Amino acid sequence: MGTSFGRGGATTFQQDLQNSDCIVIQGSNMAECHPVGFQWVMEAKQRGATIIHVDPRFTRTSAVADIHVPLRAGSDIAFLGGLIRYVLENDKWFREYVVAYTNAPMILREDFRDTEDLDGLFSGFQEDTRHYDPSTWQYEGADVAAAAGQRDQWSDMESNEKGSSSDSRSEHARRGAATARVSTSGAGGGTFHGRPERDDTLQHPRCVFQVLKRHFSRYTPEKVAEICGVSEAQFLRVAEALTANSGRERTSAFVYAVGWTHHTVGVQYIRTAAILQLLLGNIGRPGGGIMALRGHASIQGSTDIPTLFNILPGYLPMPHAHDHEDLATYISADAGSKGYWGNMDAYAVSLLKAWWGDAATADNDYCFDYLPRLTDKHSNYDTVMKQLAGESEGYFLIGENPAVGTANGKMNRLGLANLKWLVVRDFQLIESATFWKDGPEIETGELAPEEIGTEVFFLPAAAHTEKDGSFTNTQRMLQWHHKAVEPTGDQRSDLWFYFHLGRIIRAKLAGSTARADRPILDLTWDYPTKGEAGDPDAEAVLAEINGFGPDGKPLSSYTELKADGSTRCGCWIYCGCFKDGVNEPARRKPGSEQSWVAPEWGWAWPANRRILYNRASADPEGRPWSERKAYLWWDPEQKKWTGHDVPDFQPDKSPDYRPPEDAEREDAIAGTEPFIMQADGRGWLYVPAGLADGPLPAHYEPHESPVPNQLYGQQQNPARQVYPHRLNRYAPSGDDPGAEVFPYVFTTYRLTEHHTAGGMSRWLPYLSELQPEFFCEVSPQLAAERGLEHLGWATIVNPRAVIEARVLVTERMRPLRVGGRTLHQIGLPYHWGGNGLSTGDSANELLAIALDPNVHIQPTKASVCDIRPGRRPRAPAAAPLVADYQRRAGITAETGTEAVTGGKKK
Ligand SMILES: Nc1nc2c(c(=O)[nH]1)N[C@H]1C(S)=C(S)[C@@H](COP(=O)(O)OP(=O)(O)OC[C@H]3O[C@@H](n4cnc5c(=O)[nH]c(N)nc54)[C@H](O)[C@@H]3O)O[C@H]1N2
Ligand SMILES: Nc1nc2c(c(=O)[nH]1)N[C@H]1C(S)=C(S)[C@@H](COP(=O)(O)OP(=O)(O)OC[C@H]3O[C@@H](n4cnc5c(=O)[nH]c(N)nc54)[C@H](O)[C@@H]3O)O[C@H]1N2
Ligand SMILES: [Mo]
């Protein structure tokens with residue numbers, strides 16, 4: 001979303017789904033996982049909208065949809081790519097929107113090569129480092145840095161080439177872009193050097209539009225059917241519904257969640273939907289958009305104010321350990337650029353001032369050197385690898401249960417067993433806190449409690465009902481919750497824990513003159529506390545996040561932020577949520593007392609805008625595309641934008657504003673350019689920089705798949721991250737010998753009655769009674785093929801583990817025809833573990849660590865296995881069974897790790 005539109009958040013809000021004429025839910029089981037928001041899908045249906053659910057399984061979402069398309073897990077890019085081709089070939093795209101608001105007219109460099117030319121690779125792939133050099137992906141005549149995503153691609157190249165002379169970065173630097181930035185899912189922006197060449201007639205053979213057309217030309221309905229296991233008729237029904245409900249008068253929305261993100265090519269799934277929605281003119285308009293459904297209550301919040309290793313609050317990049325990088329170099333990636341990222345200096349300096357207060361001055365670069373620097377990837381899985389290697393000593397697990405919830409459970413537990421200390425703060429004694437005495441490895445004898453050196457501290461946590469605070473929900477909306485009851489016993493809020501931990505560390509360091517202690521001693525750490533336990537005042541934290549002006553008063557908008565040290569702001573995109581000292585996230589004005597947009601319910605970033613890029617809901621002249629879909633328009637009398645929402649645009653910038661040649665920052669965005677975070681003000685059909693695995697999506701098979709790629713010789717995403725390890729062996733894929741040993745595809749998912757790794761549901765009697773046991777969903781045909789009995793036991797094996805589950809035989813699972821043969825899929829809910837009231841094996845024992853290169857996520861949605869009747873062998877017979885499967889499939893340390901597979905096929 002960040003690279004396509006400029007910000008890494010849902011483009012719309014759930015209530016707006018009621019305005020859709022067609023809703024495609026793909027990669028989510030919305031009715032079961034987001035049941036409250038699903039109300040708005042039902043409202044749309046009542047108003048006549050067509051609801052489509054594209055999902056390998058028939059679920060409660062499918063049950064109320066007009067169309068359910070059971071497709072093969074891991075094949076969505078082929079399906080969506082087919083829709084893109086359909087839209088282009090049948091002239092169903094929204095011409096005026098596409099020409100004015102997207103980068104369709106931009107002309108690409110002559111040396112760009114597409115997957116069509118290179119059998120599934122784009123130009124620039126370096127096989128030895130498994131990285132792309134993106135220089136050939138650029139526009140002709142201009143050099144644009146990433147809007148979001150991989151913002152330090154050139155220096156990544158350098159570090160991966162380990163000292164060998166790197167042309168890429170120096171070439172990039174020569175063209176003036178200095179160090180670009182790195183962030184995973186960030187808000188956008190980026191430098192722009194030169195002026196890209198354009199052809200508004202879209203005829204130039206190297207313009208984005210023509211490149212796109214050629215790229216997707218092979219994604220025909222026949223190919224889609226063959227790859228996805230759907231019928232051509234099913235595909236065409238979706239294509240017709242979607243295109244009939246897009247244009248001036250009608251809009252369609254896409255809804256996805258982790259059925260799309262959890263793949264080694266997950267970011268490109270979402271990119272494919274972004275291209276489609278831009279071509280159809282569905283972004284920034286009511287009833288349109290892409291609704292990214294977020295998981296935990298504040299997962300959006302935990303990327304905005306991140307728990308991620310490579311971004312700082314508000315999607316500022318975490319600085320890299322480049323030589324001589326000072327604040328100016330860090331910011332120069334954006335200096336003079338077009339769009340709101342041009343103000344990155346104000347955002348960064350205000351953040352440093354919020355953290356280090358008076359200690360941060362112009363003379364010391366506002367304490368920029370106090371920030372940690374990235375020396376490598378430090379994602380969750382890289383940390384697990386470091387734990388296994390003995391290179392990581394301590395770990396805090398706050399609200400996470402990796403022994404159950406994270407891919408390759410065994411590696412996670414063995415990592416925890418290799419620490420010096422571990423702090424777990426949770427409601428329950430989850431598996432990640434007790435692995436040392438009763439984890440599966442104790443049973444198998446791989447670990448013994450007396451030999452584990454990890455000292456485990458278990459601290460009981462207070463629940464959200466027992467503390468004040470905010471959630472940032474799926475639609476970027478901050479919502480306040482008030483403490484309803486006092487926590488009991490030793491339970492404390494996480495805010496309490498971190499505040500007092502910091503306080504004690506600071507007290508211990510007091511008086512130190514060591515340079516290394518300055519960043520901690522100079523922190524502003526002065527939150528007022530309340531009550532007997534001394535809980536910090538959560539509103540004081542909100543106020544710090546919102547920020548203060550030179551007069552010490554709360555700021556009201558990020559446009560007030562300054563780079564001269566006079567303003568403080570803990571997260572620029574949240575600036576304004578505590579305007580005039582009022583806790584706006586706590587607003588709960590009833591819907592009946594305000595418009596359907598409900599701007600006075602909670603507060604959404606940025607600036608309380610509910611639909612992003614809403615300038616695009618009007619035509620270039622500023623008039624609504626149609627009466628029916630009017631949302632924001634230019635009022636020529638009052639000379640301002642007006643309508644149902646806060647404009648995501650300068651409120652008084654006229655549609656005929658044209659930036660002067662030397663314009664900078666937001667002044668360089670024309671009155672017709674709605675994507676104000678992007679360097680060119682446009683939605684990106686093609687991403688010239690910012691993605692690790694290509695400027696356009698291409699269908700690759702999942703990391704492990706029993707099916708050969710039917711479009712390119714390249715089997716998997718060549719840039720995916722692999723982690724060869726004795727405990728993380730991969731299956732052979734496609735036509736490779738041994739692939740037949742694991743003939744079935746399995747996918748993992750959630751049940752309404754349980755929550756994620758189970759800490760919040762498996763200990764509750766009512767929920768445990770509703771879904772008492774771990775099970776696998778199989779079709780009657782697969783049950784017959786393997787002799788599985790309904791309510792009996794099944795053993796599921798793959799190269800990493802063997803687990804057992806109760807059998808649920810159901811017609812909701814259907815065999816598919818893929819590549820001329822029958823393919824069976826198996827569904828596994830992933831909520832179980834050994835502790836609590838309802839216990840069972842964890843699906844994550846089976847899952848591999850192999851990651852999407854952009855966001856480092858694991859592929860939980862499509863992997864391979866074998867299934868057989870009966871219970872699994874107990875220790876010590878379990879390991880030999882897995883070893884036997886590995887031997888039969890001929891698995892070695894190299895299997896499944898190759899980057900490039902195309903050559904050998906030809
Ligand atoms: N009751 C309940 N609600 C929850 C949660 C919970 O545990 N319980 N968890 C919360 C969290 S953390 C999250 S992230 C969200 C997740 O919300 P969802 O993503 O909606 O949940 P999942 O059940 O993991 O997966 C969604 C669907 O993706 C399908 N799927 C699998 N592979 C593919 C594929 O390749 N393509 C397509 N098109 N579909 C595929 C699965 O069959 C499944 O129906 O839910 C949140 N809400
Ligand atoms: N196979 C497979 N694996 C998956 C997925 C999948 O679809 N398939 N989905 C992935 C996704 S999207 C997610 S989000 C993860 C979830 O994986 P985890 O985050 O590891 O699992 P949870 O059970 O949600 O863990 C949250 C813990 O926080 C505790 N908790 C709740 N509130 C608080 C609080 O206020 N403070 C503290 N300190 N603790 C609290 C709960 O008791 C619970 O034990 O799983 C991922 N793993
Ligand atoms: Mo999640």
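**Sheet, domains and ligand shells**

Author: In this predicted model, strands E12, E13 and E14 form an open sheet of 3 strands in the order E12-E13-E14, with parallel pairing.

Reader: Which strands stand at the edges, and why is one side of each left without a neighbour?

Author: Strand E12 (394-398) and strand E14 (455-460) do; each has a single partner strand, so one side of each has no neighbour in the sheet. The twist averages 10° from one strand to the next.

Reader: How many bridges pair E13 and E14?

Author: E13 and E14 pair over 6 bridges, in the parallel sense. Trp-421 stands opposite Glu-455 in E14.

Reader: Switching to domains. How is the protein chain divided?

Author: Into domain 1 (1-322 + 681-698), domain 2 (339-372 + 476-605), domain 3 (380-461) and domain 4 (721-905).

Reader: What separates the centres of domain 1 and domain 2, and how many residues are in contact?

Author: Taken over C-alpha atoms, the two centres are 32 Å apart. On the domain 1 side 16 residues are in contact with 17 residues of domain 2. The side of domain 1 that touches domain 2 has 7 nonpolar, 8 polar and 1 charged residues.

Reader: Now the ligands. Where does ligand 1 lie, and why?

Author: It lies between domain 1 and domain 4, because both give residues to the shell around ligand 1.

Reader: Which residues are closest to ligand 1?

Author: Ser-28, Ala-257, Gly-259, Gly-295 and Tyr-749 are the closest of the 30 residues that surround ligand 1. Helix H2 (30-33), helix H12 (258-261) and E23 each supply at least two residues of that shell.

Reader: How does the shell around ligand 1 divide into nonpolar, polar and charged?

Author: There are 10 nonpolar, 15 polar and 5 charged residues in the shell around ligand 1.

Reader: And ligand 2, which residues come nearest?

Author: Gly-405, Thr-756, Ala-757, Gly-759 and Thr-860 come nearest, out of 31 residues around ligand 2. The elements giving two or more residues to this shell are helix H18 (402-405), strand E13 (421-426) and strand E23 (744-749). By class, the shell around ligand 2 has 13 nonpolar, 14 polar and 4 charged residues.

Reader: What does UniProt list for residues 745-860?

Author: An unreviewed UniProt entry lists residues 745-860 as "domain: Molybdopterin dinucleotide-binding".

Conventions
Residues are numbered from 1 along each chain as its sequence is written. Chains are lettered from A and ligands numbered from 1 in the order in which they are written. This is a predicted model: local features need pLDDT of at least 70, side-chain atom pairs count only at pLDDT 80 or more; totals for chains, interfaces and linings use all residues. UniProt positions are given in the numbering used here, feature names are shortened, and annotations may be inferred rather than shown by experiment. A residue is near a molecule or strand if its C-beta atom, placed from the backbone, lies within 6 Å of it. Helices (H or I, at least four residues) and strands (E, at least two) are DSSP runs, numbered from the N terminus. Ala, Val, Leu, Ile, Met, Phe, Trp, Tyr, Cys and Pro count as nonpolar, Asp, Glu, Lys and Arg as charged, and the others, Gly among them, as polar. Domain bounds come from an automatic or database domain assignment. Two residues are in contact if their C-beta atoms, placed from the backbone, lie within 7 Å. Two strands pair if DSSP finds at least two bridges between them. Axes are lines fitted to C-alpha atoms, for helices over the stretch in contact, and angles run from 0 to 180 degrees between N-to-C directions.
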